[in-house]
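Here's a quick briefing on a ligand site and the record's annotated positions. Have a look at the model first, then go through the points below.

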Amino acid sequence: MKTGGRLQAAIEVLDDVEARRRPVADALKDWGLSHRFAGSGDRTAIGSLVYDALRRKASNAWVMDTPSARAAVLVTFADAWGQGLDALALALGDPHAPAPLTAAERARLGENREALLADAPAHVRADCPEWLMPSLAGVYGEGLERELQALCDRAPVDLRVNTLMATREAVLAELAGLGARPTPLAPHGLRLPDVAPTARPPHVPSEAAYQEGRVEIQDEGSQLAALIAGARSGENVLDLCAGGGGKSLAMAADLAGRGRIFAYDSDKRRFGDFRDRVRRAGADTVELRAPGVADSLADLEEGMDLVLVDAPCTGTGTWRRRPDAKWRLRPNALDARMRDQDLVLDEAMRFVAPHGRVVYVTCSILAEENEDRVAAALERHPGRRLADPLARLDPATAARLAPFVRTWGHGTPALRLTPAGAGTDGFFVAVLEADR
Ligand SMILES: C[S@@+](CC[C@H](N)C(=O)[O-])C[C@H]1O[C@@H](n2cnc3c(N)ncnc32)[C@H](O)[C@@H]1O
């Protein structure tokens, strides 16, 4: 396909996402099925255009003076992708391209984006749903716009080296061809370099290091959350919201073959290919427990050294990867997640041993899902208090993370990671230990 055809396809996918309020991934998949002639390069380019257009949906609409999918795609190509007005006008002459530029479009695209946005409301400049602004301002204050801008950027590809099988140095050498570098914060992480907007990112699952279990794809923030949980050899661990098992696998590396990780999820479809990944990673300590007719966790009551609650949440910290979710989020969904979070925290208390710890994690940046849920849990469970989230880390990692520990209320500490501050997805981690 020529560039013009890709631009037209991106407009069609965005229109579909908007009209049917469906996830981008589904709309892209459908488009691919009905356009089998499109190659993988076409699909990547169309997907990138769609995601990048959505990242800055509100400011794009302001700049172009219309919320249309066409306007969003044109400004993304000319401006965010740095291709310019002339290249855009040329591409619009391709076969199957959208209609040529109107005079009004030309005028808007010719203006300075920053100047056009100078009078825009804060939520438009920050590309954030308006209803979330007061809550986020309470968390980030003066730094709010910077935080939200960083959530509009593309996320890097991060890998976690599986220390059951390899060292970071060995995998670094193995993946030198991809330009992998150590992640700045997580001790077992690697980060692939950013690619140009028009380029295809490397396909990690084709690498032997991935197929043979030496690396997993995992955001650095997620790696750090699992590390803070501090699983140690010989411990019994319940990963109560295990989903696809990203954190179970990371904790299995920390157990180094001794102990047990019981990985549970109330929706067993969320396991996906978890069993294959356990096998590939040589993570023999991981045991999947699916919900069944009987209580499949009954034998674990009060026996866990660690219960990890990687709670269901709005995912506001992952907007870099799922910009469509940002615009779909509604207040009733936030309320429902808060109820889920209270429930799952109470559930965790059933399994933790009297001396054990519950580690609460979300990939949300909202206080309602983080500090507020932990404060409410501490009220319901007075035998628990918050512990230093860095206590179980090696001193070098703890020192790197110290700037991200925030205290609130009566000096109670928790870790908050964000793209602007830490270069990771947004994560919140709190450790609830027994109040001795
Ligand atoms: C944030 S995701 C987990 C991601 C996963 N831990 C990882 O690292 O890849 C949250 C998961 O919690 C599950 N969940 C929701 N409510 C639950 C409950 N009451 N008990 C157990 N799991 C629950 C959801 O099905 C979802 O898979």
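Aspartate 265 sits in the loop that runs between strand 6 (260-264) and helix 16 (274-281). Keep in mind that this is a predicted model. Asp265 is one of the positions listed under "binding site" in an unreviewed UniProt entry, and the other is Asp310.

**Aspartate 265**
- Aspartate 265 has 22 other C-beta atoms within 10 Å, and 20 or more is the cut-off, so this residue counts as buried.
- Setting aside residues up to four places away in sequence, aspartate 265 touches Cys241, Ala242, Gly243, Arg270 and Phe271.

**Aspartate 310**
- Aspartate 310 belongs to strand 8 (residues 304-310).
- This one is buried too: aspartate 310 has 26 C-beta neighbours inside 10 Å.
- Beyond its neighbours within four places in sequence, aspartate 310 makes contact with Cys241, Lys247 and Val361.
- Cys241 turns up in the contacts of aspartate 265 and in those of aspartate 310.

**Around the ligand**
- There are 19 residues around the ligand, and the ones that come nearest are Cys241, Gly243, Gly246, Arg270 and Asp310.
- Two elements give two or more residues to this shell: helix 15 (246-255) and helix 18 (331-351).
- Helix 18 supplies the largest share, with four residues.

Technical notes:
Residues numbered from 1 in each chain as written. Predicted model: local features only at pLDDT ≥ 70, side-chain atom pairs only at ≥ 80, totals over all residues. Near = placed C-beta within 6 Å. UniProt positions renumbered as here; feature names shortened; annotations may be inferred. Buried ≥ 20, exposed ≤ 12 C-beta atoms within 10 Å, placed from the backbone. Contact = placed C-beta atoms within 7 Å.
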